[in-house]
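Here is a walk through a protein model, written for someone who would rather look than read tables. Keep the viewer open and follow along.

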Amino acid sequence: MNQQLAHYLLKGGRLIDPAGGRDGVADVRVRDGKIDAIGANLEAAGATVIDVKDYIVTPGLIDVHLHLMKGLGAFGVDPDIFGVGSGVTTVVDAGSAGHTLLNVFRNYVTDNAKTRVLNYINLSTLGGVSGPGYSILADPRLIDEDKIEQAVEANRDIIVGIKIMATGGALGSQGLKPLERARNLGDRLKLPLLVHIGESWTKDTAPVRIGDVLKYLRAGDIVTHMFTVHPGGLLDANGKLWPQVRDAKESGILMDVGHGLHNLNFDVARKVLDQGLHPDSVSTDGHRGNRAGPVYDLPTTMAKLMALGFSLNQVIEMATATAAKLLGRTGKIGTLIIGHPADVSVIKVEDREWKAVDSQKGTIPAHRVIIPVYAIRGDTIWNTLPSDRP
């Protein structure tokens, strides 16, 4: 049951806040929706006490890549399913809406969600209307920089970047020209690019080589689906990182997991990680088609990274501090600050043997699960939804 409380105390949990430099048992007291105090053995001072002794308290978890225009095609999902229903307080739509649909998205989705919803605006006017397998950038008229700029300036509070599909299927006869236009527009609007790699939807087109994509990216831009097995990924035919990939990472280009229905492959992940390239952010690429598996939710995706060798603190940092930095929201979300609105996730970590499953149904042994318990925003505490997660 969801609770609305003016004054409450999260008591006795292990607080892990990488941006705030905290890892240890601490209480968090909230009054009138804002964090009133953080520390050991806080007095209730009239607050409703919520016992979280066996849980881990973190800044609100952030999922930086989903498809949230509920009811749109086969993929659009209610943001509160992957959001507060999964212990996550901030979700980011990865380009469902181009400039023509952004106001619809805002009025229909963002303004009605219990979860904070941010957006990447799609470079294509079509956005996600036609689905990912279509040539949504093949006609130069499907990119209208002036109208994108108008939409962005009217919605700066929710826009975090520009989404582009860097696939042969999406680019079609335009080749790399949309990437050049995206680069110029990103510079003009001072927004990062979020670039999908991996030819996961169309098999009859030549993939775009990652080296050609990276020529158009700058520090702060994001490559998503870094562990894709599909053509156009980070690895060459011998399983080695293309040299341009390492150069890009060193230059400040960011790498996102973007699990999804097709784009987390454990064999690829192991090869990439063994060559020293690590993700900057963990995300689900969540939508209606993968909630029941293989993705489930952000905590399960975080647990899969732990099965690949990352620590609990590392995956929490990816889903809080580094996610906030990636979105240009450092100091606003991703950390707990006295006087700021409460934005908190509560999770339970259990030692349990299970099989983590990737997008191609490959498995690896996993030893710990992450179970979301509460998502907290201001004066409201949401219990999480039932899930068939492993």
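About 150 Å³ of space lies in the second largest pocket. A pocket here, on a 1 Å grid over the protein atoms alone, is an open set of points with protein on both sides within 12 Å along at least five of seven lines, while a cavity is a set of points where a 1.4 Å probe fits but cannot get out; lining residues have an atom within 4 Å of a point. Grid points are joined across faces, edges and corners, and a volume is the space filled by probe spheres set on the points. Of the 14 residues that line this second pocket, R116, K332, H340, P341 and D343 lie nearest its centre. Sorted by class, its lining has 6 nonpolar, 4 polar and 4 charged residues. For these classes, Ala, Val, Leu, Ile, Met, Phe, Trp, Tyr, Cys and Pro count as nonpolar, Asp, Glu, Lys and Arg as charged, and the others, Gly among them, as polar.

Before going further: this is a predicted model, so local features need pLDDT of at least 70 and side-chain atom pairs count only at pLDDT 80 or more, whereas totals for chains, interfaces and linings use all residues. Residues are numbered from 1 along each chain as its sequence is written, and side-chain values use heavy atoms, with hydrogens and water left out.

Now for the largest pocket, which has a volume of about 400 Å³. It has 29 lining residues, and H67, F75, G128, G131 and P132 are the ones nearest its centre. The lining splits into 11 nonpolar, 16 polar and 2 charged residues.

The largest cavity holds about 50 Å³ of space, and you can find it by picking out T300, A303, R352, W354, V369, I370, I371, R389 and P390, which line it. Helices (H or I, at least four residues) and strands (E, at least two) are DSSP runs, numbered from the N terminus. By class, the lining of the largest cavity has 6 nonpolar, 1 polar and 2 charged residues.

Stay with helix 9 for a moment. Why is helix 9 largely enclosed by the rest of the structure? Because 9 of its 10 residues are buried, where buried means under 20% relative accessible area, exposed means over 50%, and partly exposed is in between (1.4 Å probe, protein chains only). The buried ones are L298, P299, T300, T301, M302, A303, K304, L305 and M306. Their cover includes strand 7 (61–66), strand 8 (88–94), helix 8 (266–274), helix 10 (312–318), strand 14 and strand 15. After helix 9 comes G309, with a positive phi near 120 degrees.

V257 sits in the loop between strand 13 (254–256) and helix 8, and it is buried, at a relative accessible area of 1%. The C-alpha atoms of V257 and H65 are 9.1 Å apart, though 192 residues separate them along the chain.

A few backbone details deserve a click. Most residues other than glycine have a negative phi, and most peptide bonds are trans. G293 and P294 are joined by a cis peptide bond, with omega about 5 degrees, and P294 is in the loop between helix 8 and helix 9. K361, not a glycine, has a positive phi of about 70 degrees; K361 lies in the loop between strand 14 and strand 15 and is exposed at 72% relative accessibility. N41 is another non-glycine with a positive phi, about 55 degrees. N41 falls in the loop between strand 4 (34–39) and strand 5 (48–51) and counts as exposed, at 67% relative accessibility.

N41 is also among the contacts of D27. D27 belongs to strand 3 (residues 22–31) and is buried, at 2% relative accessibility.

Note on methods
Contact means heavy atoms within 4.5 Å. Lists of a residue's contacts leave out its neighbours within four places in sequence.
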